[in-house]
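Dear colleague,

I am handing over the structure below, and my notes on it follow. Please read them alongside the coordinates.

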Amino acid sequence: MNDMHTPSMDKRPAVTKPNLLTVEDAKAMPLAQMADIFTKHINPGQLHFMKLLGFHKIKIERAEGMYYYDQTGRAILDFFGGFGSLAFGHNHPRIIEARRKFQEEKRQEIAIAFMSQYASTLAYNLAACSPGDLDMVFLGSSGSEAMEAAIKVAERAAGPSRSKIVYAENSFHGKTKGVLAITDGQLYRGEFKLTGNTVKVPFADIEAVEAAFKADPEIGVIVLETIQGGGGILQAPVEYWQKLRALCDQYRVLWVADEVQCGFGRSGKFYAFEHAGVVPDVTALAKSLGGGKAAVGAMIARRDVYMKAYGTPKTAMIHAMATFGGIGEACVTAIEGMNILYDEHLIDNSADMGDYLLSRLQELKHRYLTMIKDVRGKGLMIGIEFHDFSKTVPVVLRPVLAMLDDKLKGSLPGFIGSHLLRDHGVLVAFTEYNRNVVRLEPPLICEKQHVDAFIAALEEVLSRGIVRIVKDFVKAQVK
């Protein structure tokens, strides 16, 4: 047998392993070490906000169904749902089993050189669940990537002479560079140099859309969240979407519906735009598409739109799937999840539990009118908007506090969210642009008992009154 070593190989020193932590180290890591690493290597500013709300005191050890379980074994009811990423709750047994089988059979993950039966099946399923002629699928790893694909396919199909894109105030479409230009948030935009081919209109204002289309023949695309999540769980009336579809047809503008957060059954329909009985030209899904266990995003386009953009051998690879687009186990997870969605009637459950939760919240609103300004939403995507601080205090104090409302915006929801977690083991979320809104996106497996537990917890906190809510929060900060 020939000696395969060369002199240079014999002299080369072995690579030294750094001082790496192991999986077992991660499982056993104490909170203090987690905070230290988070500060040094992830995001020290984010930890500051975690400390304000008391979230830094919790180490999640496991999660199942509707609950997280912390280091003390306490169950935490999840009404946050990972911004809508947990349709099936935590660790759904069918999803775990599908992934286990895939691993045990040593199936392929990366299949760039070959066609993938798993990517093909997921694309077929997405087309089957999509109305009209939405049937061409691009697979990626996130909502931002899916939306990047959506605006690119629409811009190419619209053509170079119609490259302008209309988007809405208070929109959120992702943080990657392309979709940042249609994300209406200065915090996220920072001082990045963004594309200038955009036109902003108010959300749900059809006259503004028509005026923009009339005024600028270079507009070829309009991009809208069907339900604005970051904007505060905002909806447009059914008539808006029907008129929008007609205007897009009239002016030959392509409509991209961002369903990354509100889609996949969350609104009580597979897509939220189905409530209006209309179909966009392009849409995008992510979040719960990954079954709570994988990062999966998808763009779904009408075939004629897709073919205009990438329909020839010369153009086919302009925006083909990236390395991890259509990765095997992620696709298997999404395939199993889509079957669960229908087998367990979770879309129907989202509609029913959403109606029940909204009705219970309306009752609370009537009892706490000085604190709760509005409750709204569709299915299990619901927002509770609280008044500015000045509106919650006696009339005589309001002029003084009104001057501080802008600085204090978001404080009351933060205090309430902190008390819900600390005192009741309930987790809620917030919205990016309207900081007075508490966002509720529990898993679609939510039952009446979970809604009742959440309502009981929220009512107990609200019953303390504004003065005690503030005092309890301050007291918790000094402990």
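In which helix do arginine 100 and glutamate 97 both lie, and how many residues apart are they? Both lie in helix H6, which spans residues 93–104, and they are 3 residues apart, about one turn of the helix; helices here are DSSP runs of H or I with at least four residues, strands are runs of E with at least two, and both are numbered from the N terminus.

Before going further, please note that this is a predicted model, in which local features need pLDDT of at least 70 and side-chain atom pairs count only at pLDDT 80 or more, while totals for chains, interfaces and linings use all residues. Residues are numbered from 1 along each chain as its sequence is written, and side-chain values use heavy atoms, with hydrogens and water left out.

Side chains of opposite charge can pair when their charged atoms come close. Counting a salt bridge wherever a side-chain nitrogen of Lys or Arg is within 4 Å of a carboxyl oxygen of Asp or Glu, the total comes to 32 salt bridges. Arginine 100 and glutamate 97 form one of them, with their closest N and O atoms 2.4 Å apart. Arginine 100 is partly exposed at 33% relative accessible area, and glutamate 97 is partly exposed at 31%, where buried means under 20%, exposed over 50% and partly exposed in between, with a 1.4 Å probe and protein chains only.

In helix H12 (residues 238–251), arginine 245 and aspartate 249 are 4 residues apart, about one turn of the helix, and they form a salt bridge whose closest N and O atoms are 3.0 Å apart. Arginine 245 is buried, with a relative accessible area of 12%.

Glutamate 432 and arginine 439 form a further salt bridge, with 2.8 Å between the closest N and O atoms; glutamate 432 is partly exposed at 26% relative accessibility, whereas arginine 439 is buried at 1%. Elsewhere, salt bridges with shared partners join Asp133, Arg245, Asp249, Asp281, Arg302 and Asp304 into one network.

As for the chain as a whole, its secondary structure comes to 20 helices and 17 strands, and 52% of its 479 residues count as buried. The C-alpha atoms fill a box of roughly 85 × 65 × 45 Å along the principal axes. Among contacts (heavy atoms within 4.5 Å) with a separation of 6 or more, 71% are between residues 24 or more positions apart.

Best regards
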